[in-house]
Structures are given as structure tokens and as C-alpha cells.
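Please look over this model with me.

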Amino acid sequence: ARRAVLGKDFENAISGKSGAVDWKEALPRLVGIYSIAITTDRRTTKTRMQEYANSFEFKYMYCNNVSIRRVTNTDDFLYSRSLRNSPTREREFDFPPRKVYDKEAVNYYRLALSSGEPYVQFISFYHVLEHFFSQAFKKGTTSKLRRELTSISFALDEDSLYKIVKSIEKEISGKKEAGYGIEKNELMYLLEEYIDAGALSEELAEGGTDWKEYYSVSKVAFEPNAPTIDWNSPDALGQIANRVYKVRNAIIHSKQRSDGGYKPFLHEEILAGEIPLIRCLAERIIDGAG
């Protein structure tokens, strides 16, 4: 979707040299809707083409810093709207996406970009991460168990086996019904699978604001336990996970906190400072899981 152009700019945009209205230009500018054709050179299915469309939408939003939503019925057509944030960066959309991306994760990403509220943005980007927790936890815990079982020091005695049982029991405690483990552990497994701290820090250092430096020196006023990030530390991913998780808890569980936690409007600007980090994580994980 795109914001309609009004006034003289609109008249100039839709008029040719003869002064006649070019409806192909006028219609999308008037209703804020554009059409995009996605083609393939081989036979495929409707479901597969919908996956291609979803992938295109994610890359378009990633490159242009704009949220778009698909028009699927006449109600959407009549109630089109522009969903745009103040641009932070734009990238060149030089070729179609080469992956199929998870539709639900892309929709949470779309929701984050469509909102001007830091609270909604942070929670929506966090939902992107949450969407992949289960599979990351499964892969992380099975890898951990595999390392234990194949270790040169592994033995089949009772104490060794019980130690492994207790370790796995600790991982899955508290979330038995959901089928996965402790949320902070899930987040850490997810970052270990998809995030390179060095590459992430380089991306955060680009643009008008050096967010890499910001996260290395700036604490979070409404969550003093959220750590700064030492990008050169072997535990950089752990610090990233801890900061994101602490901020998430501070805004979700603020009513239960004795120190008050996050306060809407009062801490809005501070929370906005946490968006670039979690947004980069969400983008890299959607792409990595594609």
C-alpha cells in the first residue's frame, strides 16, 4: 500500500503531456494500491506461488523499510491504507528473494513495521523470535544430548546417566504442556543457530546512529538488570539474549514489578532505542530459517 498523492503533485502525476488523465497512474495513487506480478518459468502450484509472494513481500519490506499488506478481497480494496515508519535505512532491491520465508513470522514483521508505537514494534519483533523457539529448542537440546553421549568421557554408569536426565529435565521444566523449554534458553539456542555477533554489530554500526556503540555503553533506564553488550566478548550472544529478554519482561510484567518497570509514554523513547537490535535479530532469523 502507498499513501495517496494529493493536490498539484497528484494532478501532475496523473496527467500526460496532453493533459489527459493516465488511469494506470491515477488509480494506484488514488486508492493506495499497486499490483505486482510474480511469475515462474515452470509449472507449479497455487500454494507455491503464494509462498513466492510472501517471500517477495518480506524482502520488499526489508529493503524499503515500509509495511505492505496484501489485498485479498473487495473490503481490503475499499479500505486500503498506507503503513509506513520513518525510514531508518533503505537497501537496493536488486533481485527476487531466493528463499521461501515463514508466513506467520513475516506477518509479525509486517505488524512491527506498520506501527509507530515502540511497544507494539518491540513485542511484534519478539513474536518473530518466539515463532522459532520450539524448533531451536529441539535442535539445541538434541545437539547437547548428542555431545554428551558421544563424549570420550561418557560412561553407562548410573551416575553419568542420571546427570544427563537431570540436565534435560532442567531444560524442559515449566513448559511441559507447550512441548519446549525455558524461554530464555530457547532464545539463546535461537541466537546461537542464526546470529553471528560480529556481523550483527557491523550492521548496527551502519547509518546515521551507531547502535553498536549505543548498546555497548547505554543501560536501559526501566530495566537496570539489562546488560550492556561487549561485542568482543565470547559471551556477546548471551549478553544480547539477556538484554532482549530483560526488556521483554520489563514491558510485559511491569504491573508485577516492585520498581514499576516499563511505563507507557514515560519510557517510550528509551524503548525505541531497543528496536534496532531486536529488529536486526528478527530479520536475520527470518532469513536464516528461510
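The points below cover a helix pair and a cavity.

1. This is a predicted model: local features need pLDDT of at least 70, side-chain atom pairs count only at pLDDT 80 or more, and totals for chains, interfaces and linings use all residues. Residues are numbered from 1 along each chain as its sequence is written, and side-chain values use heavy atoms, with hydrogens and water left out.

2. Start with helix α5 (residues 103-114) and helix α6 (residues 118-131). Helices here are DSSP runs (H or I, at least four residues), numbered from the N terminus. The axes of α5 and α6 come within 8 Å and cross at roughly 170°. Therefore α5 is roughly antiparallel to α6 (angles over 145 degrees count as such). Axes are lines fitted to C-alpha atoms over the stretch in contact, and angles run from 0 to 180 degrees between N-to-C directions.

3. Which residues of α5 and α6 meet? From α5 come Glu104, Ala105, Tyr108, Tyr109, Leu111, Ala112 and Leu113. From α6 come Gln121, Ser124, Phe125, His127, Val128 and His131. Contact means heavy atoms within 4.5 Å. The residues of this contact divide into eight nonpolar, four polar and one charged.

4. Now the cavity. The count comes to one cavity of 30 Å³ or more. A cavity is a set of points on a 1 Å grid where a 1.4 Å probe fits but cannot get out.

5. Lys144, Leu145, Glu148, Ile164, Ser167 and Ile168 line the largest cavity (lining residues have an atom within 4 Å of a point). α7 (133-150) and α8 (158-172) each supply at least two residues of this lining. The lining divides into three nonpolar, one polar and two charged residues.

Note on methods: Angles under 35 degrees count as roughly parallel, over 145 as roughly antiparallel, 65 to 115 as roughly perpendicular and the rest as oblique. Ala, Val, Leu, Ile, Met, Phe, Trp, Tyr, Cys and Pro count as nonpolar, Asp, Glu, Lys and Arg as charged, and the others, Gly among them, as polar. On a 1 Å grid over the protein atoms alone, a cavity is a set of points where a 1.4 Å probe fits but cannot get out, and a pocket is an open set with protein on both sides within 12 Å along at least five of seven lines; lining residues have an atom within 4 Å of a point. Grid points are joined across faces, edges and corners, and a volume is the space filled by probe spheres set on the points.
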